[in-house]
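Subject: Structure handover

Hi,

Here is the model for your set-up work. Please look it over first, then read the notes below it.

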Amino acid sequence: MSVGRHSVAAPAQKPDRRFVVSIVAGIAVVGVVASAVFLWVGGHLDPLLASADEPACEQVTDLVIVADPSIAPAVTELAADFDADPDRCVQTEVRAQDAADTAAALAAGSLTADAWIPDSSVWIDRTTATATSLGLGAPAVEVGESVATSPVVFAAPAADAEQLASEPVSWQRVLGGTLPTLLPDPEASAASLAGLLALKAHSSADDPRQFAGAMIALGKSIPASTTAAFGALASASQPSVVVTSEALIAERNADDSVEPLVAAYPSDGTLLLDYPFVRIGDDAPAALDDLEQALHRATEHFAKAGFRGPGGTGELDAPGVAVSAPAAQPAADGAAQLEILRAWGVLTLRSRMLAVIDVSGSMEEPAENGLRRIDIFQQAAVGAMQKFSGEVEMGVWVFSTARNGDLDYEDLAPIAPLADAAHTQAIAGIIQSLPSRLGGATGLYDTTLAAVKRVRESYDPEKVNSVLLITDGRNEDDNGITLDALLAELEKMDDPAKPVPVIMIGFGPDTDLEAMQKIAKATKGAAYSASKPEDLSTVLVDALSQRSCRPDCG
C-alpha cells in the first residue's frame, strides 16, 4: 500500500502547553448524512519470545509510537501482535498522550519518538504554527495517510434520546440557540474545533455576527475535557448534547459503570476526524515501514475499537452508534481552523467590564419601529447578558448631566462576578428600571474619564479590563471637560501593562461618531455605530467579538 506524505523541516526546545494551544489551528473533513436519528447498535497480545530451538535476535529494533489516548489501546494491541513475529526482532512502545501535549513537545523539538498518531491532522498545522511563533523551524515530519477515522457527532444520555430526537438535531439548531450544547475546550479537543468549523460553514455568510454570537454562547461554560463534558450532562438543567467523536462515545459505552450515551448525527452534515500516521525525524528504521503498513491493514481491528476506516467508511458493531458510516467530503483548509481558533480565544477571554449606560432624556424618543430608544436598549441588553459566562465580572453605571449632585454619572452596581446570582439579578433589575431613570442631557466626557479611572483602580491582570459605554447622543455638558482635555488625560493615564480599552457604542442619528472614535483610539478600544437603534443587538455582538482588531475594527 502506498502512503502519501508531505514534509516540513526541524525544531529545538519545549514551550508551555497553555501558550501552544492558544495560538494554533487545523483541519477537518466535511460530510453529509440524511437525517438526525439516534441509533443503538449493539485480548492484549504479549510479545512472543524466541523459542529455545530458535536463535535469539542479534539486535532488537526499538520503536516508540506516541498515540492519542482515544486510539492508543487499539494501537498497543496491534503493536504487540506485530512484535510477536520472531523474524522481526522489534520491540514497540506505544505511549498514550494527549495530542495537545505531543504537539507542544514536537513544536519545541523535545519529542523522542519515531511516529505520532494524533486524533486529527489539525494538530500538524497547529504544531507548525506554534514552532513558527516560537521562532523555530517547522518540525521534521512526514505525514502519512490515516490509519482510522471517526466522525464528529452529538452525544446525549440515552434517557434523553427520545426527547432530543423530537426534531432534527443540527448545527443550525446550535447556531440558533435551540439545542443546548456543551463544547469541550477546542484548544485541547480536535472534535470541538471541527464542530466550530461546522458551525461556521452553516452560519450566514452575510452576517458574521451569527457565528460570533454562537461562539460567545458556547463559551459561557467550557468543559476542560470531553470526559468532564460527559459528566456534566447528568446535571444539566435541560436535555443537552456534547460535541464529540463517534469513537469516544463507543469508548464511553464500553464502561458498564456509567450511564450510556447515544450518538446523534447532525441532519445538516458532519465532520470527519482522521488519525494520520506521522513520522518524526529523518532516519526512520525499516521496521517502521512494516508497522505503518500493518496499521493500515488493520481496519477490522480498529472497527472493533469504534473507529471507521481510513476513508470514513466501514461498519461498526458498538452500542450507541450507527452501524453504517456517514458520508464524508475532503479535508478543509487548515488555515480556516487556525483562524477559528484565534477567534475563539478572543471571544472567550474572561472579562471585567464596567457598563456605562446613557439615561439622558433623548433615550425616551421613539425609533423607526415605534419603540422608545430605551426599550430597544433593554431588549439588546437582556440578550447580551444571556451570552456572558459566570466568570465575567460586570458593574453598571448610568449617566446624564447632574445625575448625582454635580456628577454626570451614578454607580448602581459594583464590578462583581455574574456567577453571583444576587449580583446578576441586581443588574437585571437595573436594566428594567432604566425608563424611570431618564432625564437630563448627555454628560459623555466627564463620565468616560471617571469610568476609566474606576476600572483602573481595581485592575485585575488576569482578566480583560474594559469600559463599555452606550449612548444615543453627543456630549452636552458645557461645564465639563472638553474633548481635547479628555484625550490628553487618557493619554497621560495610559499604561501598556494595564490597558483599559473604552468600547463605545452609539445608536440613533444623534451620536458623535468622530469623537467616539478619538476616545476609542486613545484607549486602544473601539467605536461602533448602530445607525438604527434596532441594530443595537448586533452591534453589541460586534463589540464583544472584535477584540483582536481594535482599535481599527471595520
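At 33% relative accessibility, Cys-57 is partly exposed. The cut-offs: buried means under 20% relative accessible area, exposed means over 50%, and partly exposed lies in between, with a 1.4 Å probe and protein chains only.

Before the rest, the ground rules. This is a predicted model, in which local features need pLDDT of at least 70 and side-chain atom pairs count only at pLDDT 80 or more, while totals for chains, interfaces and linings use all residues. Residues are numbered from 1 along each chain as its sequence is written, and side-chain values use heavy atoms, with hydrogens and water left out.

**The disulfide**

Cys-57 is bonded to Cys-89, with 1.8 Å between the two sulfur atoms. The structure holds 1 disulfide; the criterion is a pair of cysteine sulfur atoms within 2.5 Å. The torsion about the S-S bond of Cys-57 and Cys-89 is about -85°, so this disulfide is left-handed. The pair links distant parts of the chain, 32 residues apart. Cys-57 sits in the loop between strand S3 (38-39) and strand S4 (61-67). Cys-89 sits in the loop between helix H2 (72-83) and strand S5 (90-96).

**Overall counts**

The protein has 19 helices and 17 strands. Both are DSSP runs numbered from the N terminus: helices are H or I with at least four residues, strands are E with at least two. Of the 554 residues, 53% are buried. The accessible surface is about 23500 Å², and 49% of that belongs to carbon and sulfur atoms. Areas come from the Shrake-Rupley method with a 1.4 Å probe; for residues, only the protein chains shown count as cover.

S4 and S5 run parallel and are joined by 7 bridges. Two strands count as paired if DSSP finds at least two bridges between them. Thr-61 stands opposite Val-90 in S5. S4 is mostly covered, with 5 of its 7 residues buried.

H2 has 12 residues. From first C-alpha to last, H2 reaches 16 Å, close to the 16 Å expected at 1.5 Å a residue. That expected span is 1.5 Å times one less than the number of residues. The buried residues of H2 include Val-75, Leu-78, Ala-79 and Phe-82. What do the buried residues of H2 pack against? They pack against S4, S5, strand S6 (115-117), helix H11 (286-296) and helix H12 (299-304).

Thr-92 is in S5. Thr-92 is buried, at 14% relative accessible area. Leaving out residues up to four places away in sequence, Thr-92 touches Leu-63, Ile-65, Ala-79, Phe-82, Asp-83 and Leu-291. Contact means heavy atoms within 4.5 Å.

**The six-stranded sheet**

An open sheet of 6 strands runs in the order S14-S13-S12-S15-S16-S17, with mixed pairing. Strands S14 (407-417) and S17 (526-530) stand at the edges with a single partner strand each, so one side of each has no neighbour in the sheet. The twist averages 15° from one strand to the next. For angles, axes are lines fitted to C-alpha atoms, for helices over the stretch in contact, and values run from 0 to 180 degrees between N-to-C directions.

S13 and S14 run antiparallel, joined by 7 bridges. They form a hairpin with 2 residues between them. Gly-405 in that turn has a positive phi of about 70°. Val-398 stands opposite Glu-410 in S14. Further along the sheet, S15 (residues 464-471) and S16 (residues 502-507) pair in the parallel sense over 5 bridges. Leu-469 faces Met-504 in S16.

Helix H15 (residues 421-433) lies across S13 (393-404) and S14, at about 150° to S14.

Trp-397 is in S13. Is Trp-397 buried or exposed? Trp-397 is buried, with a relative accessible area of 2%. Beyond its neighbours within four places in sequence, Trp-397 has contacts that include Leu-354, Val-356, Tyr-409, Leu-412, Ala-450 and Arg-454. Trp-397 and Ile-430 are 33 residues apart in sequence and 9.6 Å apart in space, C-alpha to C-alpha.

Leu-371 lies in the loop between strand S12 (351-358) and helix H14 (373-387). At 31% relative accessibility, Leu-371 is partly exposed. Not counting residues up to four places away in sequence, Leu-371 touches Glu-365, Pro-366, Ile-376 and Gln-379.

Best wishes
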